[in-house]
Amino acid sequence: MEPTNSDHIILDHYKKVAKNQGLHRNSTIQDPVIRDAEIGFFLKSLKRFGEDRGDFNFSVLDVGCGNGILLTKIKERFPTLDLYGMEFSPELLALAKSRELSGVDFYQGDARLKESYPKKFDVILSERSIINILEAREQKQALYLIADHLNEGGCYFHSESYFEPLVNLNRARREMQLENIEPSKHNRFLREFNILALRDHKKLVEIESVMPSNYLSTHFFVSRILHQLIRPEGGKVKYSHLVSFMAEGFGPGVGNYSPILFRTFKRRN
Ligand SMILES: C[S@@+](CC[C@H](N)C(=O)[O-])C[C@H]1O[C@@H](n2cnc3c(N)ncnc32)[C@H](O)[C@@H]1O
């Protein structure tokens, strides 16, 4: 597939990310709370999947693996898994390969193309990569290909951003005279009906995640609303103690204010 105009938005963006962030763990996501929560979600999900099937010798594909940070953490925790990382940006792929992780196959691919899925997998993961596909039709194509390349009984774990909670967050911000947050130009948030289509056409049913899907809701409310209202001039702009303190006090998963949702889908037999 020849790069389209919107592909250039993605490729240019990640070329800069690769140059500026290198192998840093917060590459592609500056907020460390989100990164930690995502890694926790994927590791816990893989643990449950392995315990349920009784072994840790299954295959896992990370679609849009970036600089390989997530697969590095997975390899450390579950060294016997058969791991694959598909990446669209040549610069991020080169960084992932430079980790020289034994037994991890990082390869160039495009989630929208059938040929980028070399086989069926037991588990497929995506971490904010489907939202980088800027055409609705192509997002659907990628989600359908993911579903088609899961073995029966296999799981798709995703941390992706959704439009509906963003509307909620912005409604709460406007009540406090704060401006709307808009998705950046390299993201197109998913909508709930995308997920219903997976169930109806691809035998993928949503099952309960190991962590609540709205786990990050409290963090978003505190950091994107309360903190903005309380912060005095000259106060810390991001990632403050105040945010950690309040989010911990309220506990995770209050309300529906996190665009990023942790969701789990299982391929029916
Ligand atoms: C938000 S980043 C997340 C990367 C990595 N999961 C992380 O958390 O650092 C999304 C990744 O998806 C990749 N990506 C975008 N479009 C893609 C496509 N069509 N096929 C495969 N990967 C894609 C991007 O290059 C980028 O590395």
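A residue is counted as near a molecule or strand if its C-beta atom, placed from the backbone, lies within 6 Å of it.

The structure is a predicted model, in which local features need pLDDT of at least 70, side-chain atom pairs count only at pLDDT 80 or more, and totals for chains, interfaces and linings use all residues. Residues are numbered from 1 along each chain as its sequence is written.

Around the ligand there are 25 residues, of which Gly64, Gly66, Phe88, Glu127 and Ser129 come nearest. By class, this shell comprises 12 nonpolar, eight polar and five charged residues; here Ala, Val, Leu, Ile, Met, Phe, Trp, Tyr, Cys and Pro count as nonpolar, Asp, Glu, Lys and Arg as charged, and the others, Gly among them, as polar. At least two residues of the shell come from each of helix H1 (5-21), helix H3 (69-77) and strand S2. Helices (H or I, at least four residues) and strands (E, at least two) are DSSP runs, numbered from the N terminus.

I turn now to the sheet. Seven strands form an open sheet in the order S3-S2-S1-S4-S5-S7-S6, with mixed pairing; two strands pair if DSSP finds at least two bridges between them. At the edges stand S3 (104-108) and S6 (204-207), each pairing on one side only. S2 (residues 82-87) runs parallel to S3 and is joined to S3 by five bridges. Within S2, Met86 stands opposite Tyr107 of S3.

Next, the helix packing. Which angle do H5 (residues 136-148) and H7 make where they pack? The angle is about 45°, with the axes 10 Å apart; axes are lines fitted to C-alpha atoms, for helices over the stretch in contact, and angles run from 0 to 180 degrees between N-to-C directions. H5 and H7 are therefore oblique to each other, since angles under 35 degrees count as roughly parallel, over 145 as roughly antiparallel, 65 to 115 as roughly perpendicular and the rest as oblique. Residues in this contact include Leu143 and Tyr144 of H5 and Ala197 and Leu198 of H7, contact requiring C-beta atoms, placed from the backbone, within 7 Å. The contact has five nonpolar, two polar and three charged residues.

Finally, the axes of H8 (residues 217-230) and H9 (residues 241-250) come within 9 Å and cross at roughly 130°, which makes H8 oblique to H9. Their contact has eight nonpolar, four polar and no charged residues.

Terms used
Two residues are in contact if their C-beta atoms, placed from the backbone, lie within 7 Å.
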